[in-house]
Amino acid sequence: MDQEYDAIVLGTGLKECILSGMLAVSGKKVLHMDRNNYYGADSASITPLEKLYEHFMGPQAKPLPAMGRGRDWNVDLIPKFLMADGSLVKLLIHTGVTRYLEFKSIEGSYVYKGGKVFKVPADKMEALSSSLMGMFEKRRFGKFLAWVENFDAEKSDTWQGLDPHNNTMKQVYEKFGLDDNTADFTGHALALYRDDKYKNEPFGPTIDRIRLYRNSLARYEKSPYLYPLYGLGELPQAFARLSAVYGGTFMLDKPVDSLVIEDGKVVGVRSGDEVARCKQVFCDPSYANDRVKKVGQVIRVICLLNHPIPNTNDAQSCQIIIPQRQVNRQSDIYISCVANANQVSPKSWYVAMVSTTIETQNPEAEILPGLQLLGPIAERFTSISDVYEPVDMGNESQLFISKSYDATTHFETTCQDVLDIFQRATQQEFDFSKITHLSLEDEE
């Protein structure tokens, strides 16, 4: 540690590992440390199954014999899916990390309405055949999707009288005569907003989000989502390998005692009697408690099932979104499910996760609408996590802290945070135009 680095990264959570890879690829000399003896931090995948029981229930707890070999399980603490045409896939391809990973498409994308689960329609043909809407609403939604398809923010003749800078998404819904239920799945299951604030904001970003969903769906057809074989913990390890290839140095099981600050600026990291000096530090909130604020809590329930989730066409993997309005909440409820096809469980076993932002003093009751969709649950593990955001943006201190993971089951908010940190640290936006291949299949 007796040398100076361009950047020291603390924690091997996914965001930190992505940043480490991006910095190393761009020629920075990187030291990456973690107090834990494993990769992944909060975004780790736990294997074998015995470790999961120990993690949540203590050393005496054991899985049932019917659950098969423990080493056949890889259970994410915070599962998330990748949008096939989204920011993270573009980063994976740009950095070349795809050579260390294999992905499989998620089989279905669903939305909850009126107590039932429906497949999310993402194009005109699906809309016309969907049982989510009545006949006349299907036609109106089809016209809306056709407008989204043709809309060009640079060409006012495609706007149909709607100005992307001044008109809100609520006004768009009104113009096409779409009802509240259609607005629910459009905003929450297609555009992937976590609440309804977007309705009162200019509609341009929402159109971009719907197109991202559609473009991602077009790549693999079953759903817009991808997931790495053997669990999400493969992602941090892949970025760690990438950083090492470009000269990054890794130290696991290395205590971090303090940040070294001089004249208000971070200049190093202290571990025992050693100090590693650097120009910038990147870390998760747990390494900088005095520079973050708590902004909420998330409840997550990992559920082990011996059957697919009902009403999902026996899908081996899927996502279900319960829009807030459907269950009289301010935040959506998210359900993800993966299984043996994703190399995370033995045959005939499934790993489902239900998560949401906590709004009351009774989080167990808040998560119930999601749990009720799963059918019989063989085992469940509940965690409640505080959500932190940095109060120090790093402009003066050169300390760049990531946000805690939210309740969503997709990676778009994670990527937004990574790209924002990268821009603040390097004073330049990440240039996606450099990326020539946008399909993981092109990389294989």
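Is K199 buried or exposed, and what is its relative accessibility? Select K199 and look: at 14% relative accessibility, K199 counts as buried. Here buried means under 20% relative accessible area, exposed means over 50%, and partly exposed lies in between, using a 1.4 Å probe and protein chains only.

**Before you go on**

You are looking at a predicted model, where local features need a pLDDT of at least 70, side-chain atom pairs count only at pLDDT 80 or more, and totals for chains, interfaces and linings use all residues. Residues are numbered from 1 along each chain as its sequence is written, and side-chain values use heavy atoms, with hydrogens and water left out.

The protein chain averages 91, and 95% of the residues score at least 70. Now select residues 436-444: the pLDDT is below 50 there. Beyond near neighbours in sequence, this stretch has 20 contacts in the model, a contact being heavy atoms within 4.5 Å.

**Stop 1: salt bridges**

The term stands for a side-chain nitrogen of Lys or Arg within 4 Å of a carboxyl oxygen of Asp or Glu. Side chains of opposite charge can pair when their charged atoms come close. D196 is buried as well, with a relative accessible area of 18%.

Next, select E366 and R329. This salt bridge has its closest N and O atoms 2.6 Å apart. E366 lies in helix 10 (residues 363-366) and R329 in the loop between strand 15 (318-322) and strand 16 (333-339), so the pair ties together parts that are 37 residues apart in sequence. Helices (H or I, at least four residues) and strands (E, at least two) are DSSP runs, numbered from the N terminus. E366 is buried at a relative accessible area of 6%, and R329 is buried at 10%.

For a group of three, select K80, R194 and D406, which are linked in a network of salt bridges. In the whole structure, a search finds 19 salt bridges.

**Stop 2**

Select D420 and R424. They form a salt bridge with the closest N and O atoms 3.1 Å apart. Both lie in helix 12, four residues apart, about one turn of the helix. An α-helix has 3.6 residues a turn, so residues three or four places apart point the same way. D420 is partly exposed, with a relative accessible area of 34%, whereas R424 counts as buried at 13%.

Now show helix 12 (residues 412-426) together with helix 3 (residues 87-95). They pack at an angle of about 55°, with their axes 8 Å apart. Helix 3 and helix 12 are therefore oblique to each other. The contact is made by S87, L88 and L91 of helix 3 and E412, C415 and L419 of helix 12.

Axes are lines fitted to C-alpha atoms, for helices over the stretch in contact, and angles run from 0 to 180 degrees between N-to-C directions. Angles under 35 degrees count as roughly parallel, over 145 as roughly antiparallel, 65 to 115 as roughly perpendicular, and the rest as oblique.

Stay on helix 3, which is mostly covered: seven of its nine residues are buried. Among them are V89, L92 and I93. Just after this helix, click on G96, which takes a positive phi of about 80°.

**Stop 3**

Select helix 7 (residues 180-190). This helix is mostly covered too, with nine of its 11 residues buried; F185 and H188 are among them. What covers these buried residues includes helix 5 (135-150) and helix 8 (204-220).

Show helix 5 and helix 8 as a pair. They pack at an angle of about 95°, with their axes 10 Å apart. That makes helix 5 roughly perpendicular to helix 8. The residues in contact include F144 and W147 of helix 5 and I207 and R211 of helix 8.

**Last stop: S105**

Finish at S105, in strand 6 (residues 103-105). S105 counts as buried at 16% relative accessibility. Not counting residues up to four places away in sequence, S105 touches Y220, K222, Y225, L226 and S317.

Note on methods:
pLDDT = per-residue confidence, 0-100.
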